[in-house]
Amino acid sequence: MPSLSLPQARRAPRIWRLVGVLALLLLLQACATRAPRPAPAVAEPAMDEARVQQIVAVWRQLLADYIDQAGGGDPAALAQLPARRATGTLRAARIVFGALDVEASVAERDGFDVQGLLLAPRPGAAADPYVFVVGIVQRAGYRPVALVDVRLVAMATRDGRLEWTVGDGGPQALMRYRARLDPAAPLRFPADKDRFELVACDSGLCVEEQLSAARWSLAVPALAGATSAR
Amino acid sequence: MRQSALAGSHAAAPTQRPSVPERASRRRRALARRFAAALATSLMVGAGPPVQAHESDQYTLPAGRDFADLGPLLSRNVLAAIRDAVARTNAEIDNALAAGDPLGQVQALQSADHVTGQVMAYLFATYPTNELLDLGLLGSAARASYPGLVTMYRPVESIYDDPLLMLDLSKPVRAFFRAGTVSAGGVLIGTDKIIHFIYVGSLYHQRYLSAVARGLGEAEATQRAVKATAANPLTSESGVLGLYSTGIRSNGDLAANFAGLKFYRNLTEPVRIGAGSLPPMLQRDGEHWRVVVQDEDTVFTRFVSPHWNEVLNPNHYLRYVGGRVRSVIGSRCDDVADWYRDGDGQPLGTAWFAARQRELATFHGEPYGHKLPAEHPVSVADICRGDDSARGRAGVDAPLWWGGALPAAHVDSLGRSALWQAAAAGRADEVERLAARGEALDAVDIDGETALHAALRRGQPHTAKRLLALGADANRAARHGVTPLLLAVAGGHAELAAALLQAGADPNAQDQFGRTALHDAAQRGDRAIATLLLRHGADATLASRHGTDALQVARRAGHDDLLPALRASVPVVRKLGAGASGAAAVSLPDAASSVGSSPARPAR
């Protein structure tokens, strides 16, 4: 009686296993193809306030760490930032403190880039706090896709500690500012041609971007009457 | 039934099982195969410098982000390697002299070849591979030093990741031997170029020295070095570890090799780069060698040039690879336009890229092995031509610097005149010509910066000196209260700082943070500049808004060697006032009185 046998499970020769692994690696490589540049969004998503506060808090913490480590608590360390930016940057004189990949699941692919442009204090104004215009840019598919928030943040030093005041988003100002952005240029904050200016106003401190006339305010009485352009 | 099948299987096994000697023989053969494979791999990897077959991609860059300038960091690391090498060489000389030079080796130890060899060894140890460099640049310490900036970029969607390149056998090499992109001295370069500069540059230098030893002149010896390296069938760009493993022959790599040769020669002899000449970095001082470097932050970057950027100086490809890469670049012309813009922020047209490509075919007039097909090279100039009408400046006559396109007496959208742009580009002759025509020297842009600020920010000390000679304002404060002196000191330009002080620059001018030039010198640990500032009446007691004076800055930064000079200056300044010039150290005041208790002088 002929014996019946089940087919033996044979292992593929080593060379084929190697080829298989290589093919898989190449396939994975191929999945990482760059997405085409997205069309500028007409209506960009609004971001809820709690999340904005959370993202700004991460930026604030990094700024505080930087001042502590690079300046021993002296905000004058911010003066070193322009020299650390690549030579040839169009607006090399601006002082910008940034945090990349906030809440990103994969670095550079998604999450948010937060950049704060320093406006005040004015030279000689000893009582001025340090005032930043902070912009949050959302990233997706390895590209910046939307400017989701712009607001003012003031920082003061008291008894060796940093004190913060964070302003409101100002949706009208954000819309006005977005409308002026060049759709042919890559989205970034601050944009190369922005002209932010501290302007006097009743509410304490106001900042206007001159080209779009977008205006943000913050209740910091010490700065009322200040004017300075960036 | 199942059991019988299993039994059958087991029963068959003993008959197929090889005998003990046969198994031993198989093991020996397998071991021999593994040994041969390991040997072949070692030969492949070890035959050339650790950078062979590496590729980087300057076409794919981080959209919407800015790079950090690593030029000063890389320069300081290279300078540290030079200093260590000189210290070691001098110690060897001392040892030989102390022993009475029984082997007659002092002369050899004092030779230029020996000290150059030591520099090579220390540089190899500083930057062994670009992978390690890339890893370090992505580390949290590096990123924290450059907040919000890209320290190194290695895209996951590089131009070499195109899926249709899957069947290309050279793709795995390109996939695994990658290098990141960094910015150094204003040029975007692959980190593989740094390793090329160090390693292959040293090979060029050895061949250059042998050619010189055979009696050849400088130019001929240089070309002999280039050709000898290019002729190596294994390690050259056209060899097995170049074109035939990656499909790419990189002109940027060749330029970095050539710049490496210039660097090693420049250690002990002056070298020419274009119209300029660089003085040697080392000098004999009695029995020893001495480092005599000016502008420490540019020790490396003075050799970096746009030749190293593979977008500006495109590669030569094997036909199949080139075809696919051409197609990928064609889909990314918008991305390229984002990064290559003129001084007004507008995308540069293909005519500009074509002119740049022609210019970079030689190293300032010297051949360095550049090759590119005459017809349809894989380059932005050839591929992105259709985009010009929409976005580029096809109508402009392709100036290599933006100021050339500006009519005189006009300013661009950032308020910058042709003279301002010429200063930023380091075109001193053009600055002089425009000034002679009556263009304002001190006109400011929208950030309040003059042409002098622009020249200083972009590392153009020669142009800055020319501007000063023409009468530019040495005290003009821009936004944030930044004066030309603050910029000169922050850039480590001692000679320029001296020229500014001679031209009347206020050594005690404070920026918006209350910092003076002395704070910057103390932060850098720059003894020469600190001494210069103190001699011109810099006040070491001036404090920032936060109450920090230069002494505290120096102490915090670990530059204790500056403390005596800073302390010594305090009573002099108090007696003579801030305008005292040429004050010498006269006494040592109580350190405690000046450290930590300085009242913040009202900022100006």
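**Exercise 1.** How many of the residues of strand 2 (residues 111-120) of chain A are buried?

*Solution.* The model is predicted, so that local features need pLDDT of at least 70 and side-chain atom pairs count only at pLDDT 80 or more, while totals for chains, interfaces and linings use all residues. Residues are numbered from 1 along each chain as its sequence is written, and chains are lettered from A and ligands numbered from 1 in the order in which they are written. Strands are DSSP runs of E with at least two residues, helices are runs of H or I with at least four, and both are numbered from the N terminus. A residue is buried if 20 or more other C-beta atoms, placed from the backbone, lie within 10 Å of its own. By this count 9 of the 10 residues of strand 2 of chain A are buried, and of the 230 residues of chain A, 41% are buried.

**Exercise 2.** State the secondary-structure content of chain A.

*Solution.* Chain A holds 4 helices and 9 strands, and from the N terminus on its elements run α-α-α-β-β-β-β-β-α-β-β-β-β.

How values were computed: Buried ≥ 20, exposed ≤ 12 C-beta atoms within 10 Å, placed from the backbone.
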